[in-house]
Amino acid sequence: MSKFFIITLSLLFALSSLAQTTSAPKKRSSIFQFDKDISKIFTKKKKAPKKTKSKKIAQTTPASTPKKEVAVPPKVVIAPLNDNMAVSSMPKFYKKRSQAIFNIGLIYYGDLYTDENFSKVQDLLEKRFELATNGELKLNVIFRAILPFKNQIKDLPDYKFEQIVQKEPVLITEPVTDMDKLQRIWYAENKGMSVVNEVYQEAKTHNLYGKDFSKLDALAVVTGAQFEGLGFASGRVAITENPMEIAYGHKYGRTEIQSDAKVVDELLHELGHSLSLGHATEQCFANGIDYKETQACCALAENKNDVLSYCRQRDMVNENFFYGFEACNMKTIREKIIPAMLKGGEWELKDVAKCE
Ligand SMILES: [Zn+2]
């Protein structure tokens with residue numbers, strides 16, 4: 001574990017209450033999952049993400065009005081019309097299917113990957129998703145796309161960013177002149193987490209990929225746009241950064257290119273959220289718990305190695321090693337998620353046991 005990682009980790013715990021009031025929503029729900037994790041220092045206060053209005057689900061009730069007290073049949077929840085990814089980034093229901101297949105679109109938003117490089121990410125993601133679910137749920141990538149940023153730094157000549165750098169023996173501020181880096185920082189400063197809406201809109205209105213949106217269960221996005229977190233999932237859209245600008249406003253701020261294995265680890269985690277799964281081992285990260293207590297808790301936690309657990313050692317992930325879903329989450333996938341897919345049932349999981 002690198003020194004920086006430890007420093008950042010302890011800082012993050014020290015700042016956890018601050019983070020709670022800045023970027024991360026206070027209550028995590030399966031609709032919105034923000035993975036602040038440990039790689040970023042918050043450089044400035046950000047507005048809390050706008051809460052997504054939850055649309056009411058059409059419900060049918062018995063036609064007759066009983067005059068006496070009688071047993072009321074359970075409410076039947078039916079899918080609203082046009083409940084699909086072409087209309088909304090958080091459809092309430094799965095589209096009915098005959099096989100346990102999770103259909104996604106895979107997008108790189110930015111300018112890091114060539115299509116050939118990104119196809120390797122797709123290959124690894126497909127392979128590892130299948131292994132992560134013991135082959136019980138297959139991932140089907142309906143399309144893979146590379147989309148350029150909508151907001152191009154070359155069209156924003158007035159934008160400047162000063163970075164703190166070490167010029168022995170003092171720290172000075174210097175303008176960022178690397179235009180690719182400036183582009184990524186522009187997104188952090190101007191869009192933040194709302195980039196998820198931008199890429200969803202850009203992709204679904206795209207002349208090649210838009211037509212497939214109604215077939216999607218989720219959209220998985222890798223982007224150079226920075227939002228100061230490892231990744232997050234908003235409804236059915238999962239997003240992670242590559243490259244990452246680590247603590248760009250601070251001294252020793254640096255650009256880190258993530259390996260395919262690390263990108264895939266994060267995508268597996270966020271796609272878990274896109275299946276409405278929450279975090280495993282949340283008890284080890286409760287408010288007020290310090291770093292040592294977290295370590296001790298994780299060491300004992302049954303689901304510490306679940307890809308949805310913050311206990312997992314991301315530094316261990318490489319071309320030979322990755323994390324999948326442990327027995328507890330596999331039970332939910334098998335007993336709740338796959339049946340919902342097969343019958344066209346509700347996406348949001350309810351009454352699911354926590355994986356501790
Ligand atoms: Zn998460």
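Among contacts in the protein chain between residues at least 6 apart in sequence, 68% join residues at least 24 apart; a contact is a pair of residues whose C-beta atoms, placed from the backbone, lie within 7 Å. The model is a predicted one: local features need pLDDT of at least 70, side-chain atom pairs count only at pLDDT 80 or more, and totals for chains, interfaces and linings use all residues. Residue numbers start from 1 along each chain as its sequence is written.

The protein chain holds eight helices and 12 strands. These elements are DSSP runs numbered from the N terminus, helices being H or I with at least four residues and strands E with at least two. Of its 356 residues, 36% count as buried. A residue is buried if 20 or more other C-beta atoms lie within 10 Å of its own, exposed if 12 or fewer, and partly exposed in between, with C-beta atoms placed from the backbone.

An open sheet of mixed pairing is formed by six strands in the order 1-9-10-8-4-5. Its edge strands, each pairing on one side only, are strand 1 (32-35) and strand 5 (138-147). Direction ignored, neighbouring strands of this sheet are turned by 15° against each other on average. Two strands count as paired if DSSP finds at least two bridges between them.

A hairpin of two residues links strand 6 to strand 7. Gln-166 also stands opposite Leu-171 in strand 7.

Helix 5 (residues 195-204) packs on it, touching strand 4 (101-109), strand 5, strand 8 (218-223), strand 9 and strand 10, and its direction makes about 115° with that of strand 8. Helix 6 (residues 260-274) lies across strand 1, strand 8, strand 9 and strand 10, and runs at about 155° to strand 10. Axes here are lines fitted to C-alpha atoms, for helices over the stretch in contact, and angles run from 0 to 180 degrees between N-to-C directions.

Helix 6 also meets helix 3 (residues 115-132); their axes come within 9 Å and cross at roughly 50°. Helix 3 is therefore oblique to helix 6, given that angles under 35 degrees count as roughly parallel, over 145 as roughly antiparallel, 65 to 115 as roughly perpendicular and the rest as oblique. Among the residues that meet are Val-121, Leu-124 and Leu-125 in helix 3, and Val-263, Val-264 and Leu-267 in helix 6.

The largest nonpolar core has 66 residues, and those with the most contacts inside it are Leu-219, Ala-220, Val-221 and Ala-238. Such a core is a set of buried Ala, Val, Leu, Ile, Met, Phe, Trp, Tyr and Cys residues joined through C-beta atoms within 7 Å. Strand 4 supplies its largest share, six residues. Apart from this core lies another of five residues, including Cys-298, Ala-301, Tyr-310 and Cys-311. Not counting residues up to four places away in sequence, Ala-238 touches, among others, Ala-220, Val-221, Ala-233, Leu-267 and Leu-271.

Notes
Contact = placed C-beta atoms within 7 Å.
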